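Here are my notes on this entry, in numbered points. Please read them with the coordinates open.

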Protein chains: 2
Amino acid sequence: MSQGRLLYAQSGGVTAVINATASAVITAARAAGVKVYAARNGIIGALREDLIDTSREPIAAIRALAHTPGGAFGSCRFKLKTIEADRARYERLIEVFAAHDIRWFLYNGGNDSADTANKVSQVAREFGYPLTCIGVPKTVDNDLAVTDCCPGFGSAAKYTAVSLREAALDVASMAESSTKVFVLEVMGRHAGWLAAAAGLAGQGADEAPHIILFPEVPFDEAKFLARVDDTVRRVGWCVVAVSEGLRGADGRFLADAGTVDSFGHTQLGGVGPAIAQLVKAKLGYKQHWAVPDYLQRSARHIASKTDLDHALAVGEAAVKLALAGQNAVMPAIVRTSNAPYRWKIEPAPLAKIANHEKKLPKNFICKDGYGITEAARRYLEPLIRGEAPPPYGKDGLPAYVTLKNAAVEKKLPAYDIADG
Amino acid sequence: MSQGRLLYAQSGGVTAVINATASAVITAARAAGVKVYAARNGIIGALREDLIDTSREPIAAIRALAHTPGGAFGSCRFKLKTIEADRARYERLIEVFAAHDIRWFLYNGGNDSADTANKVSQVAREFGYPLTCIGVPKTVDNDLAVTDCCPGFGSAAKYTAVSLREAALDVASMAESSTKVFVLEVMGRHAGWLAAAAGLAGQGADEAPHIILFPEVPFDEAKFLARVDDTVRRVGWCVVAVSEGLRGADGRFLADAGTVDSFGHTQLGGVGPAIAQLVKAKLGYKQHWAVPDYLQRSARHIASKTDLDHALAVGEAAVKLALAGQNAVMPAIVRTSNAPYRWKIEPAPLAKIANHEKKLPKNFICKDGYGITEAARRYLEPLIRGEAPPPYGKDGLPAYVTLKNAAVEKKLPAYDIADG
């Protein structure tokens, strides 16, 4: 008789290091003699009984996952509703788990995923099905409660700070006779964590970024334009980092694209060009803008070593917690010291994480609303520390791995995820 | 009596490695006992007599230039017209050069700069002023004639290929329930060299980029949309690389912003979002787009080692040619072998480079117009080979140098560059 299997699934927007967590999960489970299945495309694969047998992958491929961005088993944007509203889907999950003797379920995602893992654990208990559910943190948005930071954020933060510093050197070179204002749009729908990370690129009022536009600070057009103009006159050029989630005084997103994803979030994009064109129209300065979008969260080539260490640690800890039967928890990163930077992993109840959103603390934003404070630097700086480049091939490209993702034989009738 | 000085100036859009060329120029000149002045903001500084004494910089700073992006002395977009039309400015240049005993003038830029260097040499000869003018190649656009490739291109090409490969892994993870089409806009006003470089990210029809939109191939909306749809149905997602210089069948830029820079070039931007929104509107697929803009040409952190070697070599060769009195030439990169990749530097007459534009060869683009050929791969692949990361500080950021840029005392009356 089987001793049970562990099911690992990825959820939400992927990161440069979510596969490092996957690598650590599989490695730790293998060491404990536990077979790992992965759900193809997150919870969707679990519902469809579309499971991947990771034991078919050689150890070299599992190791290479640690330096490969994206989500190796596929991720998803598919949110389960309350147990009452989505009972058929929760019951289907338990049915699939039972059919494949899944005893441990590790869901690697953000606050929506923590909520799903928590609800699955409740339904399993209700059915008397022996299941340990673990949420494994991941999000470039860094907005999970309880944990000091989220794996994926540090690498996106490093990408943002490095890119802004590099682009600022470019603008400084060109400003005398060409581009005077450069706008970099950064991710972060509701919280300005990545916008704040852009602030690490420079020190003081005259180093780029000269202005950060946070989603937490309502956009004041006149005050912003005055600050841009003042900066160009004093410094010669001006670099602006703007959060995709920037809102006006009326609370509306400045770049509301009008489309909504399956989580009900408004899909954003385009505030960078909008701000740049505002500067051009009102002040007449030549401008350039950049929107890195997915490049920002998939840039494994410039990953933070600290972030990679976190991603590996939460994966390993998740397996330990699971095998120890600690149900409905998430391995959280606890900071024990700023200088030197020290941290440890401790379990936190999923109920405290599910559906909460950690905002940027007020004392991280300067009084004028356009920069970061020393408190923000103390928090952010350790998270982008250290380099962890991937190996490169002779072709000059990172040697990222593609898994075989061999399917586990199905045992149940087909299921349409549109059913519910 | 002074033995004469060498004036170095940077021009046009800067690159990840133009400062490496500057580093090599200064190092080689110092080794030959020649003092190097740099013009602040390119030819503008030469006209204003705004010169920088690089001998005031410690050797460590000059060495650090080799890993610092941007233009350390400032660049410019300022084109001199014909000698007839701009005689007063050319004469002013000779006056400034004579006042500071400039015997060698090295202008580091693209085809406009090669033209300027060539014309300055003609005016000097006319005045009987002993001056050796050298053009030093640089441009991410890779569109200089004669030279096999241009320093700056290889690093931007590597950035493009690596970023596209990373973003494609992200899209592949999300496609089942979220983004199905991703569009990356790449630089290249008139020639699709960087668009072609994106093609290095994958092999075959099913690897990203699935579609490259070249400026050389008139955009056919119906054919493009059919290809996107076919790719999404077959592969599950579709990644498009689009050149900023994409044109319609009428020859107009698809994203004509309507503004014109001081070289008379139309300032482009926004074709990426335009293509993505077209896909959304016509096919209904969820899309994301990225426009790296300056990040692409300043990404020293992912520079190509081959490109860096070229940038250093043309700097060193430029000094040797100058001191040998080889007037009105440019050190060109000559490829002597593809496999193994071998190259050497040879002087080429500026007259053959000035104002010419090297197009992407027709046999580099697939018959269907949407991909690159094996000939293109053979040419491009060596140029992105090898890594040359900058040193990083304890703060997790690259340790880029900022020079003191101490001004040389002026000897002439003030001059307004608007005069001509």
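1. A point of terms first. The model is predicted.

2. Start with the annotated residue. The "active site" label on A:Asp141 comes from an unreviewed UniProt entry. A:Asp141 sits in a loop of chain A, between strand S5 (132-137) and helix H6 (153-174). Is A:Asp141 buried, partly exposed or exposed? Its relative accessibility is 21%, so A:Asp141 counts as partly exposed. The cut-off for buried is under 20%. Beyond four places in sequence, the contacts of A:Asp141 are A:Gly188, A:Arg189 and A:Trp193.

3. Next, a sheet in chain A. Four strands form an open sheet in the order S7-S8-S6-S11, and the pairing is parallel. S7 (211-213) and S11 (287-290) of chain A are the edge strands, each pairing on one side only. On average, neighbouring strands of this sheet are turned by 15° against each other, ignoring direction.

4. Look at one pairing in that sheet. Strand S6 (residues 181-186) of chain A runs parallel to S11(A), and 4 bridges join the two. One residue pair to inspect: A:Phe182 has A:His288 in S11(A) as its bridge partner.

5. A helix goes with these strands. Helix H9 (residues 271-283) of chain A lies across S6, S7, S8 (238-243) and S11 of chain A. Against S11(A), helix H9 runs at about 175°.

6. The largest nonpolar core has 158 residues. Which of its residues touch the most other members? They are A:Leu106 and B:Leu106. Setting aside neighbours within four places in sequence, A:Leu106 contacts A:Leu6, A:Leu7, A:Tyr8, A:Ala9 and A:Val25 among others. Its contacts also include A:Ile134, A:Val136, A:Ala318, A:Val319 and A:Ala322. Another core, of 46 residues, lies apart from the largest one. Among its members are A:Val228, B:Val183, B:Ile211 and B:Val240.

7. Last, the contact between the chains. Chain A brings 70 residues to it and chain B brings 69 residues. Between them the two chains bury about 5500 Å², with 58% of that on carbon and sulfur atoms.

Technical notes:
Residues are numbered from 1 along each chain as its sequence is written. Chains are lettered from A and ligands numbered from 1 in the order in which they are written. This is a predicted model: local features need pLDDT of at least 70, side-chain atom pairs count only at pLDDT 80 or more; totals for chains, interfaces and linings use all residues. Side-chain values use heavy atoms; hydrogens and water are left out. Two strands pair if DSSP finds at least two bridges between them. Axes are lines fitted to C-alpha atoms, for helices over the stretch in contact, and angles run from 0 to 180 degrees between N-to-C directions. Contact means heavy atoms within 4.5 Å. A nonpolar core is a set of buried Ala, Val, Leu, Ile, Met, Phe, Trp, Tyr and Cys residues joined through side-chain atoms within 4.5 Å. Buried means under 20% relative accessible area, exposed over 50%, partly exposed in between (1.4 Å probe, protein chains only). UniProt positions are given in the numbering used here, feature names are shortened, and annotations may be inferred rather than shown by experiment. Buried area is the accessible area (1.4 Å probe) that two parts lose on being put together, summed over both.
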